[in-house]
Amino acid sequence: MTTLRAHLSSPLQLVTLASAALILLPLGYVTSQALSADPAVWSRLWTTRIPELLTNTIWLSASVACLTLLLGVSTAWLVTRIEFAGRRLWEGALVLPLAMPTYVLAYIYSYLLGFGGPVEHVWQLVAGPQARIFSPQSYLGATLVMTLDTFPFVYLLSRSALLNLNVSFEEVSRASGISRLKTLWLVTLPLMRPSIAAGLALVILYVVSDFGAVSLLRYQTLTYAVFQQMTGRSDNTAASILSLLLVGLALLFLVTERWFRHRSRFYQTTGRYRRPERHRFGWLGTTMVTGYLALVVGASFGLPAYLLVIWSLSPEAQATIDNRFFGFLWNSGFLAACAATGGVLIGLPLAYMANRRPSWLNLGCLQAAYAGYVLPGPVAALAVLVLCLNLTPFLYGSVLVLIVAYVIHFLPAGLQSLEPALQQITPNLEEVARTLGLGVRQTWQRVTLPLMRNGFIVAWVLMFLQTMKELPATLLLRPVGFDTLAIRVWMEASEEYYQLAAPSALLIVLLGLPTLLLLLSKDWRAA
Amino acid sequence: MDSAPAAVIDDCPGFWYLFEMAYHFQFPRSTQGRPVLLALFCLIACVAQAATVFAVEKLTVYSGRSERLIKPVLDEFTSKTGIQVDLLSSGTTELVNRLKAEGDRTPADLFLTNDAGSLEQARAAGILRPLNMREVDRAIPPQFRAPDNAWIGLSGRFWIIVYNTTLVKPEELKSLLDLADPKWKGKLAIPNAGSEYLQAGVSVIRASYGDARTKEFLVGLKDNAGGQVYQKSSQIVEAVAKGQASLGIVNHYYIYRHLAAQPTAPIAAFMPDQQESGMGAIMNVAGVGIVRSTKHLESAKLLVEFLVAQAGQKLFADLDKEYPLHPEVKADPALVERKNFRAAQVPLTRLAELREPTLTLIEQVGLR
């Protein structure tokens, strides 16, 4: 009892609790609103929208998962097990698609594959003038765009698994006379299973919570439906019911991912690390491999980036680069900086307390902070909105509400780099500082903070860049005069003014490139 | 998996090294300057934000109309009066929700929408301010504004059929309700269920023909449209022009705006339900209301005055191809002349009360 009181009396503890409450309260409000809804609304939704939305969401996730599995593992295997000219270049280029927000890729593909678009023209040269290709505004289109955008998750994880595998297993298999292909199938792939599964779970989580691509491709998923309900109806009940379902679904995938990540420990090999032997390919093999990789990278990054540059240089687009445009850029930067700073300030006590005083309370608070993972943008916006309307109506429509939504949404990304940074500092150092006569504050200032500075910076940068490209929450909560680059892209693209959307889109892609460098080093999980 | 062994980093191509360098970059040892710099940055940020807030006389307009259609008109107002206008463009329903939630604290001075039903709802919720302005009474006929002038219609639009002239003959068309016929399966493009024009249109059909007939119509519409459900009317017109859809239902001015930009596009407008005993074309107005809590009443009134006056009305006619409501301002000559067709006899003020059951019906049918 006394210890509990002692715990609660510490200001840091209070801050931790407050932060956790800030994140959990909105979710709680949405849940209670959904559960207390009139059963008639539930039954109406069950009989009309929910079956379609659930099947659409699950089918899209399943097909994207299958395709990313193929693309991700094959590309990872090629760059780790084969030696060919330009291998290192491709190794880096394969993560570039992650810099493309889904809405940018979606709008480019709705131009490319659109009715009467360039791809159809080419196809008509081959198959006759009446030939049609599939519409991008469909299940196939959404699958294609989401696959091209998310396969790098599987690629990154498979690549690191392939590099870390104990190659002796493969060598034993080869020595026993088993062919290269069969070794891949019987030995390598089973060993990679946990990383592949973790990668797929990430992909699925990403697909389930995506708003940008499905809204531009008009493919009805749960996340899109939440947004439509919020903007098309005068009360939020139906939106909260759909949100609850969505959170449930996302939670399911998150738990699966955690479970596989946990299991993956059994597969870590010990002993000395050895670089895997790379099979050298002749010119024919090199050409084929390069062709394949060029196709993948070209479709997911090269061609879209080329189009963005061309469109940005067009006179129509140049005319939009005026003071207003820089205003949008400033808004994006301002919001992102606030959100990142807020995220670090809130994340730090949470991570610190869970790490240094791992009581059930503190660990619970930290877990609560990861709730953002299962809160897709529209849901985070809805949650903050409902909370704000109930508790602090005077804040509604202010920048603060939007920033809180960002922080909730992106805190997990920040914590991913704050947590390990803290874990790496041994408490001994702090203890030594205390015994040498430093106070608590001085210890923080002179020991803990300087040691975790890098983790700090990485967390800030990650949250900053993610907020820059955030779309749905910004659309729903932005105050007057706070249009961001992402909003401009979406507004222009949803009316098919491709050229006008290009400069903002290009800028977002360019600003996203630094995240990739972070991804490649350690924090791959955060984006 | 989480902590990549050093070998992976050794394996990084050149440009990752750059990052590694940046990552391990050390700040200069002296820490004295940093808080000052940080504070300076915050100060600059705050001042920049504040500067935009406390500028000269300024109006904040919440607009449910596409920014492309309304911004030129507001820019004209600014250049005439010097009053700055801050525009928040978003969905109409979303903005009504927002105004309700913000109550008296709303920064909005005026509310512009694409739908009379939403304006009437906002009036019923006490968001809008009744007006007593001679200019309004003179310019806008009474059927196009609220009884207390809490909202004022600015321009008329008709929910009509756009068809591709190479794929459809006008003789095949008569009533909107015929679009539910299975012969249009896969050929029809419609707006999504959240669109206020669709909601208002369905309300008018309900008022004219009853719920059972309307439901039948919506079911047919849903089947015929399939995946061709669009967020924006401009996309529907585009799809019809390209032949992706043979016909669609849109507000008339999107057709004429498209034709003004691309005169050779193979599209035409069809004014439906003009046959004997037909209900007439479905009309709606875009309108404006002054928000009750505005602190800039005089400037807001100036803007309303500008919008209803002949010059402002002419902008709606010329730029947006809408039907101006001012009796002395002529519509664009490309449009079907107003006196040559009939409009449905459902008063605009009824759109609000019809709306909730309409939404339920739309949801029952499962329109997207």
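This is a predicted model: local features need pLDDT of at least 70, side-chain atom pairs count only at pLDDT 80 or more; totals for chains, interfaces and linings use all residues.
Leaving aside its neighbours within four places in sequence, with which residues is A:Phe169 in contact?

A:Phe169 sits in helix H9 of chain A, which spans residues 167-175. Once its neighbours within four places in sequence are set aside, its contacts are A:Val187 and A:Leu191.

Let me turn to chain A in general. Its secondary structure consists of 25 helices and two strands. Along the principal axes, the C-alpha atoms fill a box of roughly 80 × 60 × 50 Å. The radius of gyration is 24 Å, which agrees with the value near 24 Å for a compact globule of 527 residues. Of those 527 residues, 50% are buried. Among contacts in chain A with a separation of 6 or more, 82% join residues 24 or more positions apart.

One helix deserves a separate word. Helix H6 of chain A covers residues 102-112, and nine of its 11 residues are buried, so the rest of the structure largely encloses it. The buried residues of H6(A) run from A:Thr102, A:Tyr103, A:Val104, A:Leu105 and A:Ala106 on to A:Tyr107, A:Ile108, A:Tyr109 and A:Ser110.

Next, the domains of chain A. The assignment gives domain 1 as 10-45 + 314-527 and domain 2 as 49-83 + 102-268. Taken over C-alpha atoms, the centres of these two domains of chain A are separated by 24 Å. Where they meet, 31 residues of domain 1 of chain A are in contact with 29 residues of domain 2 of chain A. On the domain 1 side, the elements giving two or more residues are helices H2 (11-35), H3 (39-47), H18 (377-391), H23 (472-477), H24 (485-494) and H25 (498-521) of chain A. Which of these gives the most? It is H25(A), with six residues. As to the classes of residue on that side of domain 1 of chain A, there are 27 nonpolar, four polar and no charged residues.

To take A:Val384 as an example, and leaving aside its neighbours within four places in sequence, its contacts are A:Pro26, A:Val401, A:Val404, A:Ala405, A:Ile408 and A:Leu477.

I now come to chain B. This chain has 14 helices and 10 strands, and 46% of its 368 residues count as buried. For contacts in chain B with a separation of 6 or more, the share formed by residues 24 or more positions apart is 77%.

Chain B is likewise divided into domain 1 (55-156 + 284-336) and domain 2 (157-282 + 356-365). Their C-alpha centres lie 26 Å apart. Their contact takes 17 residues from domain 1 of chain B and 14 residues from domain 2 of chain B. At least two residues of the domain 1 side are supplied by each of helix H5 (92-102), helix H6 (116-124), strand E4 (152-164) and strand E9 (282-290) of chain B. What is the make-up of that side by class? In chain B, the side of domain 1 that touches domain 2 has four nonpolar, eight polar and five charged residues.

With 21 C-beta neighbours inside 10 Å, B:Arg98 counts as buried, the cut-off being 20 or more. B:Arg98 and B:Ile140 are 42 residues apart in sequence, and their C-alpha atoms are 28 Å apart in space.

Key
Residues are numbered from 1 along each chain as its sequence is written. Chains are lettered from A and ligands numbered from 1 in the order in which they are written. A residue is buried if 20 or more other C-beta atoms lie within 10 Å of its own, exposed if 12 or fewer, and partly exposed in between; C-beta atoms are placed from the backbone. Helices (H or I, at least four residues) and strands (E, at least two) are DSSP runs, numbered from the N terminus. Domain bounds come from an automatic or database domain assignment. Two residues are in contact if their C-beta atoms, placed from the backbone, lie within 7 Å. Ala, Val, Leu, Ile, Met, Phe, Trp, Tyr, Cys and Pro count as nonpolar, Asp, Glu, Lys and Arg as charged, and the others, Gly among them, as polar. The radius of gyration is taken over C-alpha atoms; the globule rule is 2.2 Å times the number of residues to the power 0.38.
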